[in-house]
Amino acid sequence: MRRGDRLKQTNPKAQLVWNMLQLLLGSLIVALSFNLFLVPNGIASGGVSGISILVQELTGIMPALTQWALNIPLFIAGLLLLGKKFGAKTLLGTVVLPLFVLLTAHMPAPTDNPILAAIYGGIGVGLGLGLVFRGGGSTGGLDLAAQILHRYTGLPYSLAVVCFDGCVIIAAGIIFSPEVSLYALIALFVTSKTIDFVQNGLQLSKVAFIISERTEEVAEAILHDLDRGLTRLDGHGGYTGAGRTVLMVVVGQNEVPKLKQLVRAIDSGAFVIISNTAEVLGQGFKLES
């Protein structure tokens, strides 16, 4: 059980403190990655942070000031238009991230290679944002603008985010060079994958659906030999219309070969579908944090 799970179960106040620590640490990591890798190489990979890099290139204004100038009005607009659901943790992220960006602004860049900067900057930003999200917080910015656009235009939220980030990256290509916008795309991709890793970890689980003529024997083998629970679903053949029992079982990635071996030994003609599942919460897997 992770520390955050134990804290939630024992003390809500301690859980709140833990969430705040994750938010602060995540914001610090984002700020360091931003100043060490992205800013020195002009990699504006979307969001308010990307806009602040473009503004610095055009006007010389420090990124932290631009981020405050955009984040705070966006937070107020979100509060007025979307309600008070953002809470203190979103306000904290909106204010603290630019503060950390300001405090770490003069740290020397470890590399002037734009590809390395895009990769390591993307990893750092993704790691930091992943911690912020795990703490239940947000850094505000264009995510709030995307939510507002989604609410009042019906445009899908994910598409709104892509549109805003795309505009920033296109602007980077115009202000810097088309090559820099490609580096920004690399950074954005690496960031999204790192956030997924922080949120879900490496332990990808598999969900299997099994249709067999010997359902009971297969179920017994899964319960006792594989030591996994299962769910029986009612299904019907699309052609025959005959009722069939479908067994659904979630297993770890390393258990897939044994599951296939068990099913094959009992019913070599069984129909088995195995697919990835990003996250499984519950007994035998991960407790909700």
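Analyst: At 40% relative accessibility, E217 counts as partly exposed, a class that lies between buried (under 20% relative accessible area) and exposed (over 50%), judged with a 1.4 Å probe and protein chains only. This is a predicted model, in which local features need pLDDT of at least 70 and side-chain atom pairs count only at pLDDT 80 or more, while totals for chains, interfaces and linings use all residues. Residues are numbered from 1 along each chain as its sequence is written, and side-chain values use heavy atoms, with hydrogens and water left out.

The side chain of E217 meets that of R214 in a salt bridge, at 2.7 Å from N to O. The term requires a side-chain nitrogen of Lys or Arg within 4 Å of a carboxyl oxygen of Asp or Glu. Side chains of opposite charge can pair when their charged atoms come close. R214 is likewise partly exposed, its relative accessible area being 36%.

Across the whole structure, a search returns 4 salt bridges. Among them is the contact between E213 and R244, whose side chains meet at 3.4 Å, N to O. Because E213 sits in the loop between strand 1 (205-211) and helix 10 (215-225), and R244 in strand 3 (residues 243-252), this pair ties together parts that are 31 residues apart in sequence. Helices (H or I, at least four residues) and strands (E, at least two) are DSSP runs numbered from the N terminus. E213 is exposed, with 66% relative accessible area, whereas R244 is partly exposed at 32%.

A further salt bridge joins the side chains of E255 and R228, at 3.1 Å from N to O. It links distant parts of the chain, 27 residues apart: E255 belongs to the loop between strand 3 and helix 11 (256-266), and R228 to the loop between helix 10 and strand 2 (231-236). E255 and R228 are both buried.

Elsewhere, the surface carries a nonpolar patch of about 650 Å², made by I72, I76, L80, L81, L91, V95 and Y152. Patch residues have over 30% relative accessible area and no salt bridge; like charges are joined within 9 Å, and nonpolar side chains (Val, Leu, Ile, Met, Phe, Trp, Tyr) within 5 Å. The areas come from the Shrake-Rupley method with a 1.4 Å probe, only the protein chains shown counting as cover for residues. Helix 4 (63-82) and helix 5 (87-103) each supply at least two residues of the patch, and helix 4 gives the most, with 4. I76 is in helix 4 and is partly exposed, at 45% relative accessible area.

M62 lies in the loop between helix 3 and helix 4 and is partly exposed, at 31% relative accessibility. Its C-alpha atom is 8.6 Å from that of A105, although M62 and A105 are 43 residues apart along the chain.

According to the unreviewed UniProt entry, the annotation "transmembrane region" covers residues 21-44, 64-83, 90-109, 115-133 and 154-176. Such positions follow the numbering used here, feature names are shortened, and annotations may be inferred rather than shown by experiment. Residues 21-44 are 75% helix and 0% strand in the model, with end C-alpha atoms 27 Å apart. Residues 115-133 are 100% helix and 0% strand, and their end C-alpha atoms are separated by 26 Å.
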